[in-house]
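Biologist: Please show me the sequence and the model, and let us then discuss them in turn.

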Amino acid sequence: MLVIRDLHKTYRQAAEPTLRGLSLEFPDHCIAGLLGPNGAGKTTTISIICGLVRADSGSVQVLGLDSRTHPMLIKKKIGVVPQSIALYPTLSARENLEYIGRLYRIPRSSLHDKIDRYLHAFGLDKNAHKAIRHYSGGMRRRANIIASLLHDPELLILDEPTAGVDVQSRNMILDFLRDYHRQGHSVLYTSHLLEEAQQLCEEVAIIDHGALVVQGNPAALMQEHDCRSLEQVFLHVTGWGVRD
Ligand SMILES: Nc1ncnc2c1ncn2[C@@H]1O[C@H](COP(=O)(O)OP(=O)(O)O)[C@@H](O)[C@H]1O
Ligand SMILES: [Mg+2]
């Protein structure tokens with residue numbers, strides 16, 4: 001579902017490169033984690049995958065399509081959930097979702113069905129008519145996820161979807177990602193929570209300082225490095241010292 005080769009990126013006026021030859025790959029139809037500490041380059045990598053940021057060099061293939069030659073086709077096949085909430089605060093969840101559905105030109109009848117189904121699945125049906133600005137952080141995050149699902153993306157990409165939400169919202173989001181994957185879709189999510197990813201992901205790539213540290217199946221990585229957790233694998237490979 002994703003092949004990244006030798007990606008380099010230095011932001012304008014930045015003192016240091018953000019991505020330094022990042023390479024990784026995830027197989028088709030998997031639930032994958034792009035993991036790493038804060039500042040590792042996760043959001044930058046996702047922004048390049050989605051075509052929001054341009055890499056200085058290197059290549060990205062999404063669902064078998066080259067990001068340079070097929071950016072529009074890739075956009076149609078993926079759903080992206082940014083870490084910040086991309087909804088109109090004064091509109092209700094339902095109004096936001098109806099508006100987004102119309103932008104995607106989803107027929108009215110199936111759109112309403114879909115919105116009802118997802119609002120229910122994410123526990124938002126009772127608050128569907130409340131303005132987003134009156135939602136809690138976890139509710140906003142859940143509504144933000146629905147917004148990226150309305151066009152049935154083959155690959156769902158989420159940037160730290162569980163950061164800063166309470167445990168109930170977190171479990172609901174993780175259960176949903178498992179279900180979505182079971183229905184035959186691919187999922188790529190970023191997190192700095194290695195323990196969470198160890199539970200959720202079939203494949204992980206741990207990055208640090210803009211380059212790959214290790215990648216593979218979590219259980220296989222733990223066995224290979226003789227560690228009891230993914231976090232131990234990461235510390236084993238990168239060292240225990242604080243960075244700043
Ligand atoms: N627009 C930008 N301009 C300059 N530097 C940036 C920009 N976005 C990110 N960076 C820097 O790139 C590094 C990696 O950032 P990011 O990709 O957001 O990492 P992560 O998502 O893993 O926390 C950080 O040091 C950050 O300060
Ligand atoms: Mg980030």
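Modeller: The residues around ligand 1 are Tyr11, Thr18, Pro37, Asn38, Gly39, Ala40, Gly41, Lys42, Thr43 and Thr44, where a residue counts as near if one of its heavy atoms lies within 4 Å. This is a predicted model, in which local features need pLDDT of at least 70 and side-chain atom pairs pLDDT 80 or more, whereas totals for chains, interfaces and linings use all residues. Residues are numbered from 1 along each chain as its sequence is written, chains are lettered from A and ligands numbered from 1 in the order written, and side-chain values use heavy atoms, without hydrogens and water.

Biologist: How many charged residues does the shell around ligand 1 have?

Modeller: Ala, Val, Leu, Ile, Met, Phe, Trp, Tyr, Cys and Pro count as nonpolar, Asp, Glu, Lys and Arg as charged, and the others, Gly among them, as polar. By these classes, the shell has three nonpolar residues and six polar ones, and the number of charged residues is one.

Biologist: What is the distance from an oxygen atom of ligand 1 to an N or O atom in the side chain of threonine 44?

Modeller: A polar contact here is a pair of N or O atoms within 3.5 Å. A polar backbone atom of lysine 42 lies 2.9 Å from an oxygen atom of the ligand, and for the side chain of threonine 43 the distance is 2.8 Å. For the side chain of threonine 44 it is 2.6 Å.

Biologist: Which strands stand at the edges of the sheet of four strands?

Modeller: Strands are DSSP runs of E with at least two residues, helices runs of H or I with at least four, both numbered from the N terminus; two strands pair if DSSP finds at least two bridges between them. This open sheet has the order β2-β1-β4-β5, with antiparallel pairing. Two of its strands have a single partner strand each, so one side of each is left without a neighbour in the sheet: β2 (19-26) and β5 (65-66).

Biologist: Which residue in β8 is the bridge partner of glycine 33?

Modeller: Another open sheet, of six strands, has the order β6-β7-β8-β3-β9-β10, with mixed pairing. Its edge strands, β6 (78-81) and β10 (211-216), pair on one side only. Strand β3 (residues 31-35) and strand β8 (residues 186-191) run parallel and are joined by five bridges. In β8, the partner of glycine 33 is tyrosine 189.

Definitions and conventions
A polar contact is a pair of N or O atoms within 3.5 Å; within protein, one must be able to donate a hydrogen and the other to accept it, and residues adjacent in sequence count only if both atoms are side-chain atoms.
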